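Try each task on your own before you look at the worked solution.

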Amino acid sequence: MEYNFFEQFAGADLDRLSECLKAIRAAGLKTDKYTQAGVNNSSGNVWVWSEDWQGAIACSIGFNVFWVYSCRDCGEEFEFDTYPALEEFAENNQDDCTMCRTEEVTA
Ligand SMILES: [Zn+2]
């Protein structure tokens with residue numbers, strides 16, 4: 001799909017995108033040709049995601065920057081302040097999550 005980058009991001013959304021990119025760099029992650037970015041029409045969040053990452057980075061209307069992990073099973077979204085925190089959660093919730101897990105895991 002061809003589109004003009006600046007058709008999708010304008011005004012403050014460019015600032016939000018910039019915040020996302022800064023967080024990606026700070027987390028030591030790399031963007032590549034498979035990296036996607038967009039604006040969530042319902043929340044107004046700007047997000048950037050790459051398939052090599054465990055989750056996406058988002059910047060809200062109020063410029064709150066956070067990492068988002070989406071459960072592969074139920075789609076529930078979990079928010080984290082840092083990428084390492086998201087990574088740790090992802091490791092422990094690969095196939096399901098605290099929302100959709102049916103079996104109680106006993107330590
Ligand atoms: Zn789940």
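**Exercise 1: Buried or exposed?**

Asn41 is exposed, because its relative accessible area is 80%. Keep in mind that this is a predicted model.

Task: Decide whether Cys59 is buried or exposed, and find where Asn41 sits.

Solution: 
- Step 1. Recall the cut-offs: buried means under 20% relative accessible area, and exposed means over 50%.
- Step 2. Cys59 has a relative accessible area of 0%, so Cys59 is buried.
- Step 3. Asn41 belongs to the loop between β1 (36-39) and β2 (46-49).

**Exercise 2: The zinc site**

Task: Work out which residues coordinate the zinc ion and why the arrangement is tetrahedral.

Solution: 
- Step 1. Look for the donor atoms: the SG atoms of Cys71, Cys74, Cys97 and Cys100 coordinate the zinc ion at 2.3 to 2.4 Å.
- Step 2. Check the angles. For four donors to count as tetrahedral, all angles must lie between 85 and 135 degrees. Here the 4 donor atoms subtend angles of 104 to 113 degrees, so the arrangement is tetrahedral.
- Step 3. Read the spacing of the donor residues along the sequence: C-x2-C-x22-C-x2-C.
- Step 4. Check accessibility: Cys71 and Cys97 are both buried, and Cys71 has a relative accessible area of 5%.

**Exercise 3: Disulfides**

Solution: 
- Step 1. Remember that a disulfide is a covalent bond between the sulfur atoms of two cysteines.

**Exercise 4: Aromatic rings**

Task: Classify the ring pairs Tyr69 and Phe89, and Phe78 and Phe89.

Solution: 
- Step 1. Count the pairs: there are 6 aromatic pairs.
- Step 2. The ring centres of Tyr69 and Phe89 are 5.5 Å apart and the planes are at 70 degrees, so this pair is edge-to-face. Tyr69 lies in strand β4 and Phe89 in helix α3, so the pair ties together parts 20 residues apart in sequence.
- Step 3. For Phe78 and Phe89 the centres are 4.6 Å apart and the planes are at 40 degrees, so this pair is tilted.

Methods
Residues are numbered from 1 along each chain as its sequence is written. This is a predicted model: local features need pLDDT of at least 70, side-chain atom pairs count only at pLDDT 80 or more; totals for chains, interfaces and linings use all residues. Side-chain values use heavy atoms; hydrogens and water are left out. Donors are N, O and S atoms within 2.8 Å of the metal (3.2 Å for Na, K and Ca); water is not among the atoms, so sites may look incomplete. Four donors count as tetrahedral if all angles lie between 85 and 135 degrees; four count as square planar and six as octahedral if opposite donors are over 155 degrees apart and all others between 65 and 115; anything else is irregular. Buried means under 20% relative accessible area, exposed over 50%, partly exposed in between (1.4 Å probe, protein chains only). Helices (H or I, at least four residues) and strands (E, at least two) are DSSP runs, numbered from the N terminus. Rings of Phe, Tyr and Trp (its six-membered ring) pair if their centres lie within 6.5 Å; planes under 30 degrees apart count as stacked, over 60 as edge-to-face and the rest as tilted.
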